[in-house]
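I opened a notebook for this chain and wrote down what I looked up, in the order I looked. The entries follow the structure below.

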Amino acid sequence: MKPVLYDKIGKNYSIHRRADHRIVSCIMDYLNIPGNSIIADIGAGSGNYANAMADHGFFVKAVEPSETMKNQSVKNSKVEWIKGVAENIPLADASVDAVVSIMASHHFTSIPESLSEMNRICPEGPIVWFTFDPRKAQNPWIADYFPEIWADAMRIFPPVNELVSLFAEATGNRARAYVFRLPPDLNDKFLAAFWREPSAYLNKNVRQAMSGFAVADKAQVRCGIEKLQNDLANGSWVQQYGHVLNLDSIDWGYRFIVAGYTNGLV
């Protein structure tokens, strides 16, 4: 994992990146483990999902390399913070009952090594990732305004079928991907969260909480912002993409990948 990136861009991360109850509900369903179990949250960020899992009665070991992110966390007696990276998790063998990783895997330097480490600390329980495969997105209009960001997502997020194979190889268990359709009112404002609210991307503070924008070429982002602003003003956006305003949810490529025993789903 690359702690320097979020030490630089993550200062106001927790304002816009809060745990969404629907994502939390999916995590709970896919884990399907007893209360008081120990969960390792790898790439815990500012601890929003770690705290949400703790609020469900679990003990959480929040593994995170960035001090900037950790310092934004809300203290919780059931969350233990551990500085570390996914490729070398500072936890003992078979020391946790489950592992989760929420929108963090694109910051891992080696997904096979990370999965091997997760399987080492949790050889019997479920491993659940929430991730993104832009190739699965259904007509993502954001790609038309910010093609470089979308292309970069294609580069850093592996195809979901490849991840499923890597999961199975690392854990020795069957793995499966599950679609997460985006609602229009996500609390966790990641890249595609505003699929039904395009004007939100004009807000600099919103964009800064999205790593894709934070690391993108500023000139290219500026061009996309100007085009989007103009198209919203002259009605072009509504004419071309306004059909999404009538949708209650959309599949823009967000997926849960699950390996291990879990609710009879895998």
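**Entry 1: a loop residue**

I started with Asn-32, which is partly exposed, with a relative accessible area of 41%. I use buried for under 20% relative accessible area, exposed for over 50%, and partly exposed for in between, with a 1.4 Å probe and protein chains only. Asn-32 sits in the loop that runs between H3 and strand S1 (38-42). Its phi is near 50°, a positive value in a residue other than glycine. I noted for reference that most residues other than glycine have a negative phi.

**Entry 2: ground rules**

The model is predicted, local features need pLDDT of at least 70, side-chain atom pairs count only at pLDDT 80 or more, and totals for chains, interfaces and linings use all residues. Residues are numbered from 1 along each chain as its sequence is written, and side-chain values use heavy atoms, with hydrogens and water left out.

**Entry 3: the whole chain**

I counted 13 helices and seven strands in the protein chain. These are DSSP runs numbered from the N terminus, helices being H or I of at least four residues and strands E of at least two. The radius of gyration is 18 Å, close to the 18 Å from the globule rule for 266 residues, so the chain is as compact as a globular protein of that length. That radius is taken over C-alpha atoms, and the rule is 2.2 Å times the number of residues to the power 0.38. Along the principal axes, the C-alpha atoms fill a box of roughly 60 × 35 × 30 Å.

Of the 266 residues, 54% are buried. I also looked at contacts (heavy atoms within 4.5 Å). Among those between residues at least 6 apart in sequence, 72% join residues at least 24 apart.

**Entry 4: the cores**

Which residues have the most contacts inside the largest nonpolar core? They are Ile-27, Trp-141, Leu-182, Trp-252, Tyr-254 and Phe-256, in a core of 63 residues. Helix H3 (residues 21-31) gives the most to this core, with seven residues. A nonpolar core here is a set of buried Ala, Val, Leu, Ile, Met, Phe, Trp, Tyr and Cys residues joined through side-chain atoms within 4.5 Å.

I then followed Trp-141. Leaving out residues up to four places away in sequence, Trp-141 touches partners including Phe-194, Trp-195, Tyr-201, Trp-237 and Trp-252. A second, separate core has 25 residues, among them Ile-82, Ala-86, Val-99 and Val-160.

**Entry 5: single residues**

Is Asp-20 buried or exposed? Asp-20 counts as buried, at 0% relative accessibility. Its place is the loop between helix H2 (13-16) and H3. Not counting residues up to four places away in sequence, Asp-20 touches Tyr-49, Asp-185, Leu-186, Asn-187 and Asp-188.

Met-103 has a positive phi of about 50° although it is not a glycine. I found Met-103 in the loop between strand S4 (98-102) and helix H6 (111-121), and Met-103 is buried, with a relative accessible area of 12%.

Lys-75 is exposed, with a relative accessible area of 84%, in the loop between helix H5 (67-70) and strand S3 (79-82). From C-alpha to C-alpha, Lys-75 and Gly-47 are 9.0 Å apart in space and 28 residues apart in sequence.

Glu-226 belongs to helix H12 (residues 218-234) and is partly exposed, at 42% relative accessible area. Glu-226 and Tyr-145 are 81 residues apart in sequence, yet 9.2 Å apart in space, C-alpha to C-alpha.
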